[in-house]
Amino acid sequence: MKLLEGKNVIITGASRGIGRGIAQVFGQHGANVAFTYSSSEAPALELEKELTNLGVKAKAYKSNAASFSESEELVAKVLEDFDGIDVLINNAGITKDNLLMRMGEEDFDKVIEINLKSVFNMTKAVQRTLLKQRKGSIINMSSVVGVKGNAGQTNYAASKAGMIGFTKSVALELGSRNIRCNAIAPGFIETEMTDKLDEKTVQGWRDAIPLKRGGSPEDVANACLYLASDLSSYVTGQVINVDGGMLT
Ligand code: NAP
């Protein structure tokens with residue numbers, strides 16, 4: 001059964017990793033996918049082709065999610081190219097880890113801008129469209145680190161915790177218009193973001209996971225599929241952990 005037949009979806013940061021996995025699963029479920037990237041043009045165009053071959057509409061857009069004006073321009077372009085917007089997935093994110101003692105202002109600001117301000121930018125940009133149609137699902141990619149904190153990631157943890165507060169507030173503001181907003185808190189998911197970690201840290205994460213393995217982009221994509229589809233039509237303001245039991 002295809003759960004997203006004919007739905008139009010915007011995903012930020014889908015050239016790689018979790019975003020790419022979401023785009024692939026959504027395409028397989030019949031969604032038309034508009035997605036962004038920051039610099040990885042070749043993989044983005046390859047994904048566009050892969051999705052188009054599935055028989056859905058797909059388009060890659062180079063757009064900096066941290067920029068308010070670029071986000072507005074992006075949504076305007078998507079509305080020209082696609083027949084409306086049903087789902088927004090705020091997935092784009094970066095890390096710039098360091099102990100607080102060594103963290104510079106620039107690395108704090110950059111992570112907040114790309115991970116958190118982007119969510120404001122994109123949600124604002126789609127809000128009018130979703131309000132008009134009185135239907136929509138917004139999914140924000142937070143992290144277990146936003147729930148429990150992590151040494152060496154004050155900037156990242158603050159951005160991801162901020163996303164949870166934003167998610168719950170949007171759910172309260174827009175619920176009466178049938179617009180749902182939820183967050184996903186992935187644990188340790190094996191992508192280029194986690195490839196940067198040293199083996200000792202990675203082993204530490206794996207040891208702490210009851211299911212004793214890292215997750216895949218598809219594991220996260222399946223939770224997004226639930227939140228994007230009508231299967232979750234009575235679910236809003238929630239944070240779903242996709243973490244192999246890490247926070248249990
Ligand atoms: P990733 O492999 O590093 O991919 C990041 C994606 O975001 C890429 O497509 C990248 O585009 C895009 N991006 C970066 N900066 C951007 C910007 N300013 N504007 C638009 N797009 C931008 O990361 P990932 O592991 O898939 O993570 C995806 C999301 O899940 C992030 O929000 C991350 O914090 C969250 N998360 C990940 C994990 C994990 O274990 N991997 C755990 C919890 C939460 P380019 O390819 O063009 O650079």
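Analyst: A salt bridge here is a side-chain nitrogen of Lys or Arg within 4 Å of a carboxyl oxygen of Asp or Glu. Bear in mind that this is a predicted model, where local features need pLDDT of at least 70, side-chain atom pairs count only at pLDDT 80 or more, and totals for chains, interfaces and linings use all residues. Residues are numbered from 1 along each chain as its sequence is written, and side-chain values use heavy atoms, with hydrogens and water left out.

By that rule, the count comes to seven salt bridges. One of them joins Lys-135 and Asp-230, at 3.3 Å from N to O. Lys-135 sits in the loop between H4 and strand E5, and Asp-230 in the loop between helix H9 and strand E7, so the pair ties together parts 95 residues apart in sequence (helices, H or I, of at least four residues and strands, E, of at least two are DSSP runs, numbered from the N terminus). Lys-135 is partly exposed at 35% relative accessible area, and so is Asp-230 at 47% (buried means under 20%, exposed over 50%, partly exposed in between, with a 1.4 Å probe and protein chains only).

Then there's a network of salt bridges linking Glu-190, Glu-199 and Arg-206. Glu-190 meets Arg-206 at 3.1 Å, N to O. Glu-190 is in the loop between strand E6 and helix H7, while Arg-206 is in helix H8, so this pair ties together parts 16 residues apart in sequence. Glu-199 meets Arg-206 at 4.0 Å, N to O. As for cover, Glu-199 counts as exposed at 52%, whereas Glu-190 is partly exposed at 38% and Arg-206 is partly exposed at 24%.
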